[in-house]
Amino acid sequence: MSGSSAVRRLLPVSRKQLRRSWKYINAAVSPVHFNNPSPLLEEQSRGLRVRSLHCSAPGPATTDAQGRPRSDQDDLPMSLDHFRKPSQPSAGTTGHQEDGWCDGYTLPHPVWSEEELNSVQITHTPLEKPVDTAAYYSVQMLRTGFDLLSGYSWGKRFGTLDEKMWLPRIIYLETVAGVPGMIGAMVRHLKSLRCMTRDHGWIHTLLEEAENERMHLLTALELRRPGPLFKIAVIGTQGVFVSMFWIAYFLSPRFCHKFVGYLEEEAVKTYTHCIEGDAMMSDVLLVIRADEGHHREVNHTLDSMRPSVTNPFSHGQ
């Protein structure tokens with residue numbers, strides 16, 4: 001009996017389904033590459049391969065009247081424009097390549113050069129107003145409590161922090177870090193609907209931040225899968241934090257953006273300490289730290305603006 005016949009007898013699937021499965025398996029082990037001369041995120045000692053974060057547009061067989069790549073989707077009636085697949089990704093977008101086109105499911109994010117990755121510094125925005133003080137000490141109180149409960153304080157003092165301690169901390173914190181951007185975008189979206197006014201571009205920036213934090217979580221999950229108790233703790237934390245942050249953003253967006261700004265300051269400190277300790281996946285952590293530093297600057301900028309002012313950060317910045 002041939003190998004293919006045995007597979008067909010054991011697996012009740014068609015040849016088309018088998019070919020599709022192999023296509024996805026091959027795509028899942030593509031190495032990561034960035035738009036700079038020095039490739040980052042090399043294959044780690046654990047054999048981890050992360051799917052490509054940026055896909056290049058396929059070479060088109062033909063072009064339209066404007067010289068743009070043409071695909072079979074261009075033959076759709078104009079009334080079905082909404083359902084067309086993009087023939088190539090927009091600049092700065094991310095996603096995996098399938099059948100020659102970029103999925104377009106992920107929002108655009110900055111792509112950091114090697115110089116930018118290594119230039120991230122630990123900074124602190126001075127406290128100027130009572131709302132700044134309230135936000136800063138709220139973050140410090142939460143961090144102190146979490147450091148004690150997670151064993152981070154003792155591990156840092158005695159130099160016993162290792163991969164087993166770092167990964168649960170990173171995973172847990174990223175489940176929290178992905179909340180503020182989504183809540184802020186939702187509150188502003190509902191206000192725009194309720195008041196029948198424009199949002200002035202804030203929603204897109206906040207959604208990009210939330211998705212970027214979720215990508216950090218998914219990256220860490222490639223190395224460790226939490227157990228049931230860990231997931232229960234995340235569910236409880238999410239229920240409390242989502243409710244409290246929604247109320248806080250509804251009452252004072254400035255406090256919430258200042259809170260996130262100081263929270264990202266602490267994130268930069270944590271990832272810097274992790275990188276300095278020769279942690280696993282140091283190249284990946286450099287990228288995550290650069291993202292956190294960017295969120296820090298964005299939120300410290302937004303907290304100083306009135307909610308009705310146009311967002312200074314364009315799409316993907």
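**A leucine and its surroundings**

Tutor: Let us start with leucine 190, which is found in helix H7; please keep in mind that this is a predicted model.

Student: Is leucine 190 buried, exposed or partly exposed?

Tutor: Leucine 190 counts as partly exposed, because its relative accessibility is 38% and that class lies between the 20% and 50% cut-offs.

Student: Which helices supply at least two residues each to the nonpolar patch?

Tutor: Those are helix H7, covering 179–195, and helix H9, covering 228–251, with H9 giving the largest share of the patch at 4 residues.

Student: Switching to annotation, where does UniProt place the feature "transmembrane region"?

Tutor: The UniProt record, an unreviewed entry, places that feature at residues 166–187 and 229–251.

Student: How much helix is there in residues 166–187, and how much in 229–251?

Tutor: In the model, residues 166–187 are 95% helix and 0% strand, with the end C-alpha atoms 33 Å apart, while residues 229–251 are 100% helix and 0% strand, and their end C-alpha atoms also lie 33 Å apart.

Student: New topic: how many disulfides turn up?

Tutor: A search over the whole structure gives 0 disulfides.

Student: And cysteine 256, buried or exposed?

Tutor: Cysteine 256 is buried, because its relative accessible area is 1%, under the 20% cut-off, and cysteine 274 counts as buried at 1% relative accessibility.

Notes:
Residues numbered from 1 in each chain as written. Predicted model: local features only at pLDDT ≥ 70, side-chain atom pairs only at ≥ 80, totals over all residues. Heavy atoms only, no water. Disulfide = S-S within 2.5 Å. Buried < 20%, exposed > 50% of the residue type's maximum accessible area, 1.4 Å probe, protein only. UniProt positions renumbered as here; feature names shortened; annotations may be inferred.
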